[in-house]
Every structure is written in C-alpha cells, then in structure tokens.
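User: I'd like to go through this one with you and hear what stands behind each label. Can you take it step by step?

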Amino acid sequence: MALLQLNELTKEYRRGGRAFNAVNGVSLSVEAGDFISIIGRSGSGKSTLLNMSAGLLSPTAGTVLFGERDIHRLSDKELSFLRNEKVGYVPQGQTLLSNFTVFDNVCIPWFLFKREGDVEGRAFILLEKVGISHLAASYPRELSGGEMRRVSIARALVNEPALLIADEPTSDLDTGTTAEIMALFSRIAKEGTAVLLVTHELDTLSYGNRIYTMDAGNLSPHAA
Ligand SMILES: Nc1ncnc2c1ncn2[C@@H]1O[C@H](COP(=O)(O)OP(=O)(O)OP(=O)(O)O)[C@@H](O)[C@H]1O
Ligand SMILES: [Mg+2]
C-alpha cells in the first residue's frame, strides 16, 4: 500500500463569475523513501495540490489516502493528530509564531500532542543541520527570510514525519545553503521518509527520484 495516494484530485475555484480547475484530476502514488519533485509555472496549481495532500484544503473531487485512511473524511481532531504525527509541512509563506523563539517554534509540533522524550536535543540537532543553531534564542522578526525558512524546515522535521511536504523550501536560500538543505532531504528520504517537494530551482531536480511538471492543474511526468 502507498504511503500517500492521490486519486483524481480536483480543486475548482471561482473568480470573476468563471469557474476553473486549479488542480484538475491529479493522481499520484507516493511510497516510503520516494523523493518527488514538482516543477511548473506560477499559478499552475502546485501549492493547491500540496495543501490538499497535507489535509489543509478540501478537494472539490477526488481523494487523498494516507495509508488506508481518506484524510478528508477524518474528523478535525483525527486529522490534526495524523498531520502532527505523520506529516511535516514546509509552507510557501512564513508561518512562524512571532512571540516564540526560534527554538520554541521548532519544538511546538512536538508538544502539541504531549510527547515525551528529548525534544530539546532533537530540536538543537535539527537547527544545526539547517545551519542556524546560533539563532536558537532569537525571535522570527530578527531573522532574514532564508533563516525563517530554515526554522520552518527544522519544525517540519521535529516529529520525524513519515511524509515531508515542502513548498519551494529553498526559494529564498543561496546556492550553498540550498545544496545543504537538499542533501538533508535526500538523507531523510534514504532513511525512509517520503519527500514531496515543489521547486523552482532547476538545479534541485537532480536530487529527486521522480520529477513531475504541473501545467494548468495537470500533473505529468517531466520530460527530461
Ligand atoms: N482561494 C482561491 N480562490 C480563487 N483562486 C485561487 C485561490 N487560491 C489560488 N487560486 C488560483 O489557483 C491557481 C493555482 O494557485 P497555486 O497557488 O496553487 O499556484 P502555484 O503553482 O503554487 O503558483 P506559485 O508558483 O506562484 O506559488 C492560481 O491561478 C491562483 O490564482
Ligand atoms: Mg505556490
């Protein structure tokens, strides 16, 4: 059984009296250890697809199966628990909590469902891996865009998710840092986490084992 299975997933939006499918019947199977990259033009539906895959946005039609469970049929509580436990999500925008330090932002997903164990040690190792352990006591407003992005990557990994979904996670990073983050994602994929990534940077494609293109809501294997 696939870890994540998208079946004919569709999202219809209406704008100016006109309806259109931002995501148009997308099917995709994601296995443990897969590293999948999606590229495509701005507005082609990439974030909409990821948001539905992460359970943050309801589809107009189609299903998202996580293991055997249809995530859009779960109760809010069941879905929150599943997302917290199994899915790490790096959103396209900035979503850090401004009144919490970098360190606490990384730890929050761990404490949401009262886990026990050495989260402090783990959070610190993750901050080191993304190259910002020296900023642990800082607040989001004191950080650059790329530094904030790296906090949200560490936060997405703190619960050791089975699936990491990341929406252009390296868009505001320099080439060197981008390579480090992509190497980190490759390592966790090799360790069995599935990685589903949207990227604009063509140089990041070499890391994925499967590459797709999104075009006007349609997903197809990328022709090299
Ligand atoms: N809430 C909404 N209501 C109406 N249209 C929307 C809504 N959200 C997104 N759209 C439209 O759906 C399309 C897909 O948006 P989406 O954010 O998925 O694109 P994207 O591929 O992630 O683009 P980018 O590369 O710029 O991040 C766009 O045309 C967008 O304007
Ligand atoms: Mg987007």
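Analyst: Four strands make up an open sheet with the order 2-1-4-5 and antiparallel pairing. Its edge strands, each pairing on one side only, are strand 2 (18-30) and strand 5 (69-70). This is a predicted model, where local features need pLDDT of at least 70, side-chain atom pairs count only at pLDDT 80 or more, and totals for chains, interfaces and linings use all residues. Residues are numbered from 1 along each chain as its sequence is written, while chains are lettered from A and ligands numbered from 1 in the order in which they are written.

User: What makes strand 1 and strand 2 a pair?

Analyst: Pairing takes at least two DSSP bridges between two strands, and nine join strand 1 to strand 2, which run antiparallel. As for Arg15, its bridge partner in strand 2 is Arg18.

User: Which residues are around ligand 1?

Analyst: Among them are Tyr13, Arg15, Lys46 and Gln92; the test is a C-beta atom, placed from the backbone, within 6 Å. Helix 1 gives the largest share, three residues. Helices here are DSSP runs of H or I with at least four residues, and strands are runs of E with at least two, numbered from the N terminus.
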